[in-house]
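This report describes a single protein model.

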Amino acid sequence: MSELDTRPNRFPWPPVLYLAAIGASLVLAWLVPLPWIGPPLSDILFAVGAVTLIGVVLIDVSAMRTLARAKTTIMPHRGSDHLVTGGPFAFTRNPIYLANTLLMIGIGLMTGIVWFLVLAVVAAFATQKLAIEREERHLTARFGKKYRDYAKKVRRWI
């Protein structure tokens, strides 16, 4: 039995990556502020950001409840006991990571801090490389054809 059979990672990369990206966005906004769009477009972007944050909460709560109902872990470095394909997992294989990325985008749109937008993309890329790809190998090792069939039907992000 390989380690991928029992867990995808030894370290919980996604929350650390997104928290680091948020912290870096704030520090960079202070050290190297970038220009932002002025009114009235900034007001529209603020509203889009607010709606995005509402969507983040809905996606996160739904994903967490779906995982809890399936009696499997939410922790990204622990092994999955069950393959979850319902709820938001029917639309994206990574709803929590999608919500984390949208959180950064929503904050960037509401605050006008461009660094949130830039680092949201960086955090998503790093999450894919350090977590998602290993999680996919773990799920393939644990659930085989059932996971491969699911992955063919449901996109990794959106």
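## Helix 3

How many residues does helix 3 have, and how far does helix 3 reach from its first C-alpha to its last? Helix 3 has 29 residues and reaches 42 Å, close to the 42 Å expected at 1.5 Å a residue; the expected span is 1.5 Å times one less than the number of residues. Helices here are DSSP runs (H or I, at least four residues), numbered from the N terminus. The model is predicted: local features need pLDDT of at least 70, side-chain atom pairs count only at pLDDT 80 or more, and totals for chains, interfaces and linings use all residues. Residues are numbered from 1 along each chain as its sequence is written, and side-chain values use heavy atoms, with hydrogens and water left out.

The buried residues of helix 3 are Ser-42, Leu-45, Gly-49, Thr-52, Val-56, Asp-60, Ala-63, Thr-66 and Leu-67. Buried means under 20% relative accessible area, exposed over 50%, and partly exposed in between (1.4 Å probe, protein chains only). The buried residues of helix 3 pack against helix 4, where contact means heavy atoms within 4.5 Å. Val-51 also lies in helix 3, but counts as exposed because its relative accessibility is 57%. The C-alpha atoms of Val-51 and Met-110 are 9.9 Å apart in space, although 59 residues separate the two in sequence. Just after helix 3, Lys-71 adopts a positive phi of about 55°.

## The largest pocket

The largest pocket has a volume of about 610 Å³. On a 1 Å grid over the protein atoms alone, probed at 1.4 Å, a pocket is an open set of points with protein on both sides within 12 Å along at least five of seven lines; lining residues have an atom within 4 Å of a point. A volume is the space filled by probe spheres set on the points, which are joined across faces, edges and corners.

Of the 30 lining residues, Leu-67, Ile-74, Ile-96, Tyr-97 and Glu-135 are the closest to the centre. Two or more residues each come from helix 2 (13-31), helix 3 (41-69), helix 4 (95-111), helix 5 (114-143) and helix 6 (145-153). Helix 5 gives the largest share, five residues. The lining divides into 18 nonpolar, seven polar and five charged residues.

## Thr-127 in helix 5

Thr-127 belongs to helix 5 and counts as buried because its relative accessibility is 0%. The side chain of Thr-127 reaches the backbone oxygen of Ala-123 at 2.8 Å. Leaving aside residues up to four places away in sequence, Thr-127 touches Pro-14, Leu-17, Tyr-18, Tyr-97 and Ile-132.

Technical notes
Ala, Val, Leu, Ile, Met, Phe, Trp, Tyr, Cys and Pro count as nonpolar, Asp, Glu, Lys and Arg as charged, and the others, Gly among them, as polar. A polar contact is a pair of N or O atoms within 3.5 Å; within protein, one must be able to donate a hydrogen and the other to accept it, and residues adjacent in sequence count only if both atoms are side-chain atoms.
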